[in-house]
Amino acid sequence: RKKEIIMKRKLEDSAREVHTPQLLEEQERLIATLIEAHRKTYDASYSDFSQFRPPKRGDGSPECRNATNPFLMSLLNSDMDELPKASASGAEAAAGDELSMLPHLADLVSYSIQKVIGFAKMIPGFKELCTEDQISLLKASAIEIIILRSNESFTMEDNSWTCGSNEFKYQIGDVMQAGHKLELLEPLVKFQVNMKKLDLHEAEHVLLMAICLFSPDRPGVQDRCRVEEVQEHLTETLRAYIACRHPLSCKHMLYAKMVEKLTELRSLNEEHSKQYLQISQDAVNKEDLPPLLLEVFGNPTA
Ligand code: YS5
């Protein structure tokens, strides 16, 4: 009787081995490489943020609320009865309303693009593509990967991206002060909340970013087959990882949910392109947009 039970157990064990996909050694190495690449390019202390042009928030102060009469407002609210000589501060207060967060957030995005490029270069298969394809993939996916990586700083406590101090805490209102409309920002925040709820492991998070980058259907890609090959290898690794490392209770449909996120990113990307075009035309100070940002997202004056 006892022997029978032992035998049965052994049979069950070996059956399990056959059916549960195993993480191959090569897949384990790939995951380790991606995690290391991400850690090298994502500084979770956010200590570089102080090097960006400082954030300017319309904090609800009278000068900020009254965008049409900035000079009058500053005179009424101060003991001066004359405008400062250069009257620069008044002019800045005027500009300070519409696109006041743009310089800071544009610097953050430009910085993030550089980090994404660093991450991409460490993904096996990326450097083997021709430069044109590398550029096509990066141009098309940069904003999507930035949105994905930003989930690490996003917190559901107050639906903000919190990157250290209050100065570097970004809420919907701040992004509106970079020129974006609520139409885009609401789905962006919803996306972040739903991503957060997936509670991804670091391995899954980095695989998703890599899969997003290696999308063969991006405009201008020449060697679609090579890109597809790498993407398939990444998705296979993700499936295997979920199957054997993710706790049973929450792995239900996880892969499908992650693929769905990629679809949502496409529509965020599309809406972003439209609003970006508008912002880049509105930006009176062309210096507001760093050259790398203009190169990646397009330069309307070029
Ligand atoms: C913070 C941190 O997690 C990090 C290191 C990430 O790389 C980026 C981080 C957050 C990203 C956020 C939150 C604030 C609003 C941002 C910066 C968002 C990513 C993009 C968005 C921008 C305002 C862009 C603005 C832009 C970019 C070309 O269009 C014009 C400057 C708005 C994108 C809306 C989809």
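A salt bridge, as used in these legends, is a side-chain nitrogen of Lys or Arg within 4 Å of a carboxyl oxygen of Asp or Glu. This is a predicted model, in which local features need pLDDT of at least 70, side-chain atom pairs count only at pLDDT 80 or more, and totals for chains, interfaces and linings use all residues. Residues are numbered from 1 along each chain as its sequence is written, and side-chain values use heavy atoms, with hydrogens and water left out.

**View 1. Salt bridges, with Glu 36 and Lys 40 as the example.** Searching the whole structure turns up 13 salt bridges. In one of them, Glu 36 pairs with Lys 40, and their closest N and O atoms are 3.6 Å apart. The two residues are separated by about one helical turn because they stand 4 residues apart in helix 2 (residues 25-41). Helices here are DSSP runs (H or I, at least four residues), numbered from the N terminus.

**View 2. The shell around the ligand.** Here 21 residues surround the ligand, and the closest are Tyr 42, Ser 112, Ser 153, His 180 and His 272. The shell divides into 15 nonpolar, 5 polar and 1 charged. Helix 6 gives the largest share, 5 residues.

**View 3. Polar side chains at the ligand's oxygen atoms.** Look for His 180, which places a polar side-chain atom 2.7 Å from an oxygen atom of the ligand. For Ser 153, the corresponding distance to a ligand oxygen is 2.8 Å. Arg 149 also takes part, with a polar side-chain atom 2.9 Å from an oxygen atom of the ligand. Taken alone, the ligand exposes 760 Å² (Shrake-Rupley method, 1.4 Å probe), and the protein buries 99% of that.

Methods: A residue is near a molecule or strand if one of its heavy atoms lies within 4 Å of it. A polar contact is a pair of N or O atoms within 3.5 Å; within protein, one must be able to donate a hydrogen and the other to accept it, and residues adjacent in sequence count only if both atoms are side-chain atoms. Ala, Val, Leu, Ile, Met, Phe, Trp, Tyr, Cys and Pro count as nonpolar, Asp, Glu, Lys and Arg as charged, and the others, Gly among them, as polar.
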